[in-house]
Amino acid sequence: MLIYKNTFDNIKTIGFNFPVEDQYYAAETTAIVADGITRDPIGITDFSSATPKQFVEKYPRPSGAYLAAKEICDTFSKEDGTLKEKLIKCNHSVKKLNEKYINKCDFLENDYYGAVASCIRIHDDLLDYAYICDCGVIVYDFLGNIKFQTTDDKKVYSDFYIDMIKTDWSLPEKRVIVRRDFRNNLNNIQDGKCVSYGALTGEDSASDFIRSGQIELEKNDIVVVYSDGFSEFLHEQEFISSILNFQKEKFEEYINIKSKEDYNKYGKEKTLVLFKNNI
């Protein structure tokens, strides 16, 4: 059932020895993709005053985002239970990581290590899925029609309100507000609804933001587990055709060409695990 698994580099950091902050674990009928949450560079609070080279040079190594994503994948591979239970255990593992490395969270250089994630398990023509935030799962039928896709909860619930904050992300004030008030905060109620998003940072409230479910699969359905760097690809016909008629070399060539074509849309770090329900 497992056809393919890979992480594609951020094309802007190739050659800079930048940490790979997407991680994955994949077996024949199960997988998890974890996307580490980007850290602040050391000693730079106002990003607008830093060049890309300075940002890369001052980026923490080892990266807490990498460590969190790897811890999540390692824990997932070893633990039993439902997918949601496994993600909760992953969150507990990240909590231990933060107890080791973060003395006091300041939501900037010393923000909690964390990642977002999506995972699946295929059994008896059923797909179990669970995810948090903007990693996701999508299912295509044998003709390429989309049968199911998880929701980008940050985009749906949070981004509108985050965009209303009248400072730029490059300034520390906004990063503190977003990480403190919008991440895993069940009490952030605006217009009668919670507008926070979830992340596996070790905070207990993260478990309330994990979504899970189950859908039926048919023969030759394609299941993709992905990090958000692949989001812009998923509805494009060329991408769908490339996974329906999957050839590793041609697929990777296509992804690399698109990544260089439009960095903001396609070029960031991204992970994909591909399954075919051929039982």
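Here, contact means heavy atoms within 4.5 Å, and the close-ups below all come from a predicted model.

**View 1. Helices H6 and H7 pack side by side, in contact through residues of both.** Let's start with the pair formed by H6 (residues 237-244) and H7 (residues 248-261), whose axes come within 9 Å and cross at roughly 160°. Angles over 145 degrees count as roughly antiparallel, so that is how H6 runs relative to H7. Their crossing is left-handed. On the H6 side, look for Glu238, Phe239, Ser242 and Ile243; from H7 come Phe251, Tyr254 and Ile255. Sorted by class, this contact has five nonpolar residues, one polar and one charged.

**View 2. The buried residues of H6 line one face of the helix.** Which residues of H6 are buried? They are Phe239, Ile240, Ser242 and Ile243. Looking down the H6 axis, you will find these buried residues within an arc of 160°, so they share one face of the helix.

**View 3. Tyr24 sits in strand E2 (residues 22-26).** Is Tyr24 buried or partly exposed? Its relative accessibility is 29%, so Tyr24 counts as partly exposed. Setting aside neighbours within four places in sequence, Tyr24 is in contact with Lys5, Asn6 and Thr7, with Ile32 and Val33, and with Cys73, Thr271 and Val273.

**View 4. Tyr24 and Gly192 lie 36 Å apart in space, C-alpha to C-alpha.** In sequence, 168 residues separate Tyr24 from Gly192.

Methods. Residues are numbered from 1 along each chain as its sequence is written. This is a predicted model: local features need pLDDT of at least 70, side-chain atom pairs count only at pLDDT 80 or more; totals for chains, interfaces and linings use all residues. Side-chain values use heavy atoms; hydrogens and water are left out. Axes are lines fitted to C-alpha atoms, for helices over the stretch in contact, and angles run from 0 to 180 degrees between N-to-C directions. Helices (H or I, at least four residues) and strands (E, at least two) are DSSP runs, numbered from the N terminus. Angles under 35 degrees count as roughly parallel, over 145 as roughly antiparallel, 65 to 115 as roughly perpendicular and the rest as oblique. A crossing is left-handed if the near helix is turned anticlockwise from the far one by less than a right angle, and right-handed if clockwise. Ala, Val, Leu, Ile, Met, Phe, Trp, Tyr, Cys and Pro count as nonpolar, Asp, Glu, Lys and Arg as charged, and the others, Gly among them, as polar. Buried means under 20% relative accessible area, exposed over 50%, partly exposed in between (1.4 Å probe, protein chains only). The arc is that of the directions from the helix axis to the C-beta atoms.
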